[in-house]
Amino acid sequence: MVQPELHFYPLDEHVTAFSTTRHGGYSEGNYGTFNINRYCGDSEEAIRKNRDLLCRLLGIDDCHLMMPHQVHQTEMVTIDQDFLGLSFEEQKERLEGVDALMTDVKGICIGVSTADCIPVLLYDRVHHCACAIHAGWRGTVKRIVEKAVGEMMAVYDSHPTDIVAQIGPGIHLDSFEVGDEVYRAFEKEGFNMELISKRYPIDDSGSKSFTIHSSPLPSKWHIDLPACNRQQLISSGVPSSQIAVSDDCTFQQHDTYFSARRLGINSGRVFTGILLR
């Protein structure tokens with residue numbers, strides 16, 4: 001029997017939190033086998049069948065599985081009863097250009113798609129509300145996680161000390177090589193560069209190596225995106241003891257997770273979601 005292979009997170013007994021893997025669906029090629037993202041070029045029939053598999057596993061209807069069309073900005077949408085009352089086309093339009101979703105409605109699964117970017121899940125144990133965030137490097141620079149905590153405080157009266165967080169699989173420091181302009185973007189926005197960056201020597205083949213014939217090599221900056229987002233949560237008042245960070249690097253573990261740096265942008269996406277029970 002075909003069934004999606006999920007990685008579950010023990011955020012709380014009242015939620016189901018997870019990331020999908022590449023396994024257990026109907027997609028093919030660079031989308032194989034489990035992809036539910038409609039914005040990356042996969043077959044609509046494969047996506048429909050994969051969504052059906054996931055919804056059956058979660059015990060929800062397809063109309064209760066919410067995914068935005070992300071654009072690496074900081075726009076957020078609240079999934080409430082008013083939103084659920086919209087038509088499919090109206091909902092689709094409302095989810096265009098959105099990088100985070102929030103809800104306090106039971107039986108609704110909100111999530112984001114990534115393929116090296118960082119997914120972040122937040123759950124307020126007191127007010128029983130959740131947020132799913134897509135934090136690529138651009139969203140991270142714009143402090144989307146800090147904004148999300150602020151939105152939960154404004155909309156649901158959340159307090160940061162009641163929030164538990166899961167930072168899901170994404171590209172890690174060793175693999176996330178960036179240009180000087182990206183380094184400067186983080187530096188300009190006041191990030192502690194000693195904590196979130198490291199310069200790695202490279203050789204002509206692009207692999208990391210510290211010396212050739214005892215001579216220094218050219219080097220490139222690397223950024224620690226999980227650490228950046230963890231620091232934003234802590235700065236927002238979420239206790240460090242309530243923040244879990246996945247050890248999985250999508251670039252290094254591309255056989256398990258989709259990695260755009262490995263496969264290109266025309267490939268599948270990891271879906272990281274949270275369902276209120």
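Helix H6 is followed by Gly190, whose phi is positive, near 85°. Helices (DSSP H or I runs of at least four residues) and strands (E runs of at least two) are numbered from the N terminus. The model is predicted: local features require pLDDT of at least 70 and side-chain atom pairs pLDDT 80 or more, whereas totals for chains, interfaces and linings use all residues. Residues are numbered from 1 along each chain as its sequence is written, and side-chain values use heavy atoms, with hydrogens and water left out.

H6 spans residues 180-188, and Val182, Tyr183 and Phe186 within this helix are buried (under 20% relative accessible area; exposed is over 50% and partly exposed in between, with a 1.4 Å probe and protein chains only). These residues cover an arc of only 100° around the axis, which puts them on the same side of H6; the arc is that of the directions from the helix axis to the C-beta atoms. The buried residues of H6 pack against helices H4 (137-141), H7 (193-196) and H8 (225-235), and against strands S10 (177-178), S11 (197-201) and S14 (219-223).

Strand S14 runs antiparallel to S10, to which two bridges join it, and antiparallel to S11, with five bridges. Pairing requires at least two DSSP bridges between two strands. Trp221 in S14 is the bridge partner of Val178, and Ser219 in S14 is that of Pro201.

Seven salt bridges are counted, each defined by a side-chain nitrogen of Lys or Arg within 4 Å of a carboxyl oxygen of Asp or Glu. Arg199 and Asp180 form another, at 3.8 Å; Arg199 lies in S11 and Asp180 in H6, so the pair ties together parts 19 residues apart in sequence. Arg199 is partly exposed at 35% relative accessibility, and Asp180 is partly exposed at 36%. In the salt bridge between Asp52 and Arg56, the closest N and O atoms are 3.1 Å apart. Both residues lie in helix H1 (residues 44-58), four residues apart, about one turn of the helix.

The mean pLDDT of the protein chain is 94, and 95% of its residues reach 70 or more; pLDDT is the predictor's confidence in each residue, from 0 to 100. Over residues 209-215 the pLDDT is below 50, and this stretch has ten contacts in the model beyond near neighbours in sequence (heavy atoms within 4.5 Å). Where pLDDT is low, the predicted coordinates should not be read in detail.
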